[in-house]
Amino acid sequence: MEMEVSQRAPGRWQIATVTAVTEETPWVKSFRLALPMWMPFLPGQHLDVRLTAPDGYRAQRSYSIASSPLDEGEVELTIDRLREGEVSGYFHDVVIEGDEVEVRGPFSSYFVWRGEAPALLIGGGSGVVPLMAMMRHRRRTMPDIDMKLVYSARTAEEVIYAEELDGDVVVTLTRDAPAGWTGHRGRIDAGLIGGLAADARIVLICGSNGFVEAAASLAMEAGVDPRMIRTERFGPTGQP
Amino acid sequence: MHEVGYRRRAPMSGFVSRGFTGRNRGGDDRLPPGQYEERGFPVLTAGPTPDIQPAEWGFRIDGMVAEEQEWTWDEFHELEIEEIPCDIHCVTSWSKLGTSFGGVSVDLLLDRAEPLGAYAMAFSYGGYTTNLAIDDLTDGKAWVVTEHEGEPLEPAHGGPARLLVPHLYFWKSAKWVAGLRVMDHDEPGFWEANGYHNRGDPWKEERYWTD
């Protein structure tokens, strides 16, 4: 098996097998992949996915890993269906359990959690995905250390991983809240972020550019050193 | 010549994604392999956007040079400003085609400093760095730009000034650029130390370390 080990490298494309598909929300699905050349990764890292048509045409995107690196041999990707998304649309419409997809990674060692605490995670929409990898990993390795997640979603229906969100998660709904909703409402603000940020040694923020700018400003206003704020902005959302 | 044929060639591995036909294929030979066309201008930054007023901005060239140079915002604007039509390619796989920037050629800036080394580290307000060979910064391939499509460059896109090196992936075009440090050896910058390719040629798909 020495041969196999020596072939492991994040840059090498490999053919993963889809072992489970979970519908998280009407627009978001999670795909569990078994990787023949799985490598340890850090929560926050991403994989590149490449689709190939019969004539050789290819499309490629990066997706954050949602699972803990303790799940040896597997990774979970949570994919938000983008309007006219060529790759996300394929995953939502075509991919089922047993399918094969070509992936490589893990990549990028900056937007990662290496155990720093207290940690404040702030996610907007599907920006929660890499933060969930951090929450899941912390729960399974160091459940006592201080990590909080502030998660902004538009509606309760759009909350990803709803069943897993525990007392360390504050959800705020920016549009409609269901009857009986007792949690936060509206966009993130100083009241929601300030106190948590003031205690944090590291702040990790992921979401659209506008969301990340707002969250980073709130953290800085709470006194967090900008060098301790790591951000990941996603989305070819078409916003200039 | 760019590797235009790449996107049409059958894959070497023979792997085909079941049921994938590729509905967004543009057939545009300005797109490097693995890239798709994005009409907006996404923002990708590792940290918060720094607030740099033009009056506080300066650009310097130091390190292994015959003569260190420094320009204030006003001095910089006395230099010859060029309009640079270009395509830009982000390593996260979007490309923006047919855009333009306005700025000063790095040739002009480096000529005054006279580099004595073959490498440079671009450094930015906020601490970002990225490494470039002098060869990738000269001969009309790199600029320090203050305008995008005729308007002042927005802070989220690196304003008041960013480096523009459109023939390499866009992380090399350092936002909020503060200067170039000329060196006699190569050294990884911020993303280059975090898993991304040392040079980043989109036509060779040099995305990560092992590419």
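**Strand pairing, domains and chain contact in the predicted model**

In chain A, β1(A) and β2(A) make a hairpin that has two residues between them; strands here are DSSP runs of E with at least two residues, helices are runs of H or I with at least four residues, and both are numbered from the N terminus. The model is predicted, so local features need pLDDT of at least 70 and side-chain atom pairs count only at pLDDT 80 or more, while totals for chains, interfaces and linings use all residues. Residues are numbered from 1 along each chain as its sequence is written, and chains are lettered from A and ligands numbered from 1 in the order in which they are written.

β1(A) and β2(A), the latter covering residues 28-34, run antiparallel and are joined by seven bridges; two strands count as paired if DSSP finds at least two bridges between them. Within this pair, A:T22 is opposite A:S30 of β2(A). β1(A) also pairs with β6(A), in the antiparallel sense, over four bridges. Here A:T17 has A:E100 of β6(A) as its bridge partner.

Chain A contains five helices and twelve strands. Its radius of gyration, taken over C-alpha atoms, is 18 Å, close to the 18 Å given for 240 residues by the globule rule, so chain A is as compact as a globular protein of that length. The globule rule is 2.2 Å times the number of residues to the power 0.38. The C-alpha trace of chain A spans about 50 × 40 × 35 Å along its principal axes.

An automatic or database assignment divides chain A into domain 1 (2-107) and domain 2 (119-233). The C-alpha centres of these two domains of chain A are 25 Å apart. Their contact involves 16 residues of domain 1 and 13 residues of domain 2, where two residues are in contact if their C-beta atoms, placed from the backbone, lie within 7 Å. On the domain 1 side, β1 (14-25) and β5 (74-80) of chain A are the elements that give two or more residues.

The contact between chains A and B takes 42 residues from chain A and 41 residues from chain B. On the chain A side, elements giving two or more residues include β3 (46-52), α2 (86-93) and α5 (209-221), and β4(A) gives the most, with five residues. This side of chain A comprises 19 nonpolar, 13 polar and ten charged residues. Nonpolar covers Ala, Val, Leu, Ile, Met, Phe, Trp, Tyr, Cys and Pro, charged covers Asp, Glu, Lys and Arg, and polar covers the others, Gly among them.
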